[in-house]
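Me: I have a model open and would like to learn how to read its features one by one. Could you take me through them?

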Amino acid sequence: QSSARALGGRRGGPPPARGRPGRPDASRSRAQAESPGCCRLGGGRRRAFGDEMINRETNGARPQKEEIFMFVNPKSGGNKGQDFLRVPHPFVVDLPDNRQAHVHIYSLLDGESGNKEGFKRLKQVVSTCGYPVRTIVGGGDGTVMWADSEAAKHDIHTPTQLLYGIVPLGTGNDFSRVAGWGGKNPDKILDKECKLLRGLVLKWCEAEPRGHDVWQVSISVDESEGKIKVVDKSKEESDFGDGTVNKVILPMINYFSIGQESKVGIEFDKHRTKSQTCNLFVYAYEGLCTEIQCCTAQHIGNLVRSMHHGTDSDGPVIFGQSDDSDDVPELRGNPESLMFLNVNSYAGGNAHFWQREVDIGIDPEPASEDCDVDENPGDGRLEVVTLPNILDIPLDRLDHMAKRVFSGSPFYIEFFEPDEDDNEGQLDVYCEVDGEFYHLINPESVTVTLNKTLQVLQRKEKTK
């Protein structure tokens with residue numbers, strides 16, 4: 001059973017609503033499908049998607065000239081991204097059916113934000129062609145949202161006007177893995193007249209689009225005693241922004257987590273290298289060192305007061321901590337991590353936590369439709385799991401120890417108030433959003449809601 005802290009013991013106010021959460025309805029769990037930017041509409045209707053939209057606009061014929069844009073972070077992949085910027089321009093690749101692909105490659109670092117030449121050119125193309133344009137991002141998982149943010153600043157409606165692909169140049173590359181593009185940084189791009197790149201272009205044009213949700217993680221800390229800290233360029237912890245920020249809203253496409261693995265991530269950021277291989281060893285070493293420090297370990301039962309299915313504490317309780325008089329679902333055990341998964345790939349594809357055969361992590365168990373579901377990055381749901389121990393991450397290939405909690409959205413997480421007799425009256429919580437780590441001092445709440453659904457190019461599997 002979870003550590004038995006009374007619901008009213010450290011934070012004031014009424015206890016959470018009793019009982020298990022109600023079944024998710026269409027407006028809350030199924031992607032808030034009528035919100036702007038989603039590629040689904042209410043009543044089961046669906047907007048045209050990818051090739052379907054192209055066929056509609058071109059009477060079934062693919063364009064003779066396929067315009068492809070690529071935006072690269074040249075510093076990614078140990079500076080391997082720079083190789084793409086040395087590719088001859090224009091770069092033309094012959095496609096089947098006597099068509100051609102014209103690839104335009106730009107650096108994400110060039111120009112001021114909101115005034116970048118590559119995105120201005122992309123805006124011209126999407127405004128005139130009438131169908132979504134294949135837009136490839138070269139970088140880590142975080143680079144995808146960087147590119148999407150820049151596109152939006154140039155008045156491009158990314159959910160309907162772009163089809164995103166990716167060239168993995170990061171460390172984990174979980175977004176790329178789920179989309180079928182693997183996690184290995186490509187090498188020798190310029191060799192043999194860019195033979196590898198020509199092959200990639202053919203695959204980009206063959207790939208079919210599918211939905212991928214973009215979530216919004218809103219983190220709030222105490223206005224007077226709270227802080228949000230990150231690891232800065234000097235590899236030291238510093239205050240986020242100017243030190244007066246008590247609320248931050250972050251985009252998320254892969255996962256959001258709270259707990260011990262995020263504390264490891266903060267230490268990892270302090271010793272990160274430019275080598276993808278070395279970074280994997282650094283992360284493993286920092287994980288071992290952090291786990292040995294038992295007295296400062298993160299345990300969800302000591303941090304999270306309650307989690308709700310909704311956008312505030314009025315939503316049904318998914319789990320909480322109660323006294324004997326309350327009928328509130330509780331965590332089983334006191335896990336080290338609480339994870340919200342949009343993709344079922346973690347730590348560079350080494351872990352796939354959401355499995356329908358694994359145990360349930362709360363008692364009483366939720367309704368079947370809230371946990372016995374398959375994961376899908378574009379279904380408007382997040383899969384929530386707990387990890388008993390962060391050592392279960394590297395061992396997940398051998399034995400799935402993660403426990404299912406809930407599948408749905410949106411979510412509201414409320415933290416305990418700091419204990420005046422513990423850690424000098426300070427509550428330290430560590431969290432991660434898509435590989436970016438944050439140290440929260442005296443956090444109050446986190447809200448996770450759907451923002452929009454992008455179209456992502458899913459690589460076709462080879463047929464035997």
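Me: Are tyrosine 346 and phenylalanine 353 buried or exposed?

Reply: Buried means under 20% relative accessible area and exposed over 50%, with partly exposed in between (1.4 Å probe, protein chains only). Tyrosine 346 and phenylalanine 353 are both buried. Keep in mind that this is a predicted model: local features need pLDDT of at least 70, side-chain atom pairs count only at pLDDT 80 or more, and totals for chains, interfaces and linings use all residues. Residues are numbered from 1 along each chain as its sequence is written, and side-chain values use heavy atoms, with hydrogens and water left out.

Me: How many aromatic pairs does the structure hold?

Reply: Rings of Phe, Tyr and Trp (its six-membered ring) pair if their centres lie within 6.5 Å; planes under 30 degrees apart count as stacked, over 60 as edge-to-face and the rest as tilted. Here there are 10 aromatic pairs. Tyrosine 346 and phenylalanine 353 make a tilted one, at 5.5 Å centre to centre and 45° between the planes. Elsewhere, Phe69, Phe71, Tyr106 and Phe119 form one aromatic cluster.

Me: In what order do the 8 strands of the open sheet come?

Reply: Helices (H or I, at least four residues) and strands (E, at least two) are DSSP runs, numbered from the N terminus. Two strands pair if DSSP finds at least two bridges between them. The order in this open sheet is S8-S7-S20-S19-S10-S14-S16-S17, with antiparallel pairing. S8 (237-239) and S17 (403-408) are the edge strands; each has a single partner strand, so one side of each lacks a neighbour in the sheet. From one strand to the next, the twist averages 25°. Within the sheet, S14 (residues 337-341) and S16 (residues 382-387) run antiparallel and are joined by 5 bridges. Leucine 341 has glutamate 383 as its bridge partner in S16.

Me: Which strands does H9 lie across?

Reply: For angles, axes are lines fitted to C-alpha atoms, for helices over the stretch in contact (heavy atoms within 4.5 Å); the angles run from 0 to 180 degrees between N-to-C directions. H9 lies across S7 (227-231), S8, S10 (255-259), S14, S19 (428-433) and S20 (436-441), and runs at about 100° to S10. Of the 11 residues of H9 (residues 260-270), 9 are buried, so the helix is largely enclosed by the rest of the structure. Among them are Val264, Ile266 and Phe268, along with Glu261, Lys263 and Asp269.

Me: Which residues cover the two faces of S18?

Reply: Look at each side in turn. Phe411, Ile413 and Phe415 are on one side, Tyr412 and Glu414 on the other, and all are buried. S18 (residues 411-415) runs antiparallel to S11 (residues 304-309), with 5 bridges between them. Isoleucine 413 is the bridge partner of methionine 307. S18 also pairs with S21 (residues 443-458) in the antiparallel sense, over 4 bridges, and phenylalanine 411 stands opposite valine 448 there.

Me: How many disulfides are there?

Reply: A disulfide is a covalent bond between the sulfur atoms of two cysteines. The rule used is a pair of cysteine sulfur atoms within 2.5 Å, and the count comes to 0. Cysteine 194 is buried, at 5% relative accessible area, and cysteine 205 is buried at 12%.

Me: What share of the whole protein counts as buried?

Reply: Of its 464 residues, 55% count as buried. The secondary structure comes to 11 helices and 21 strands.
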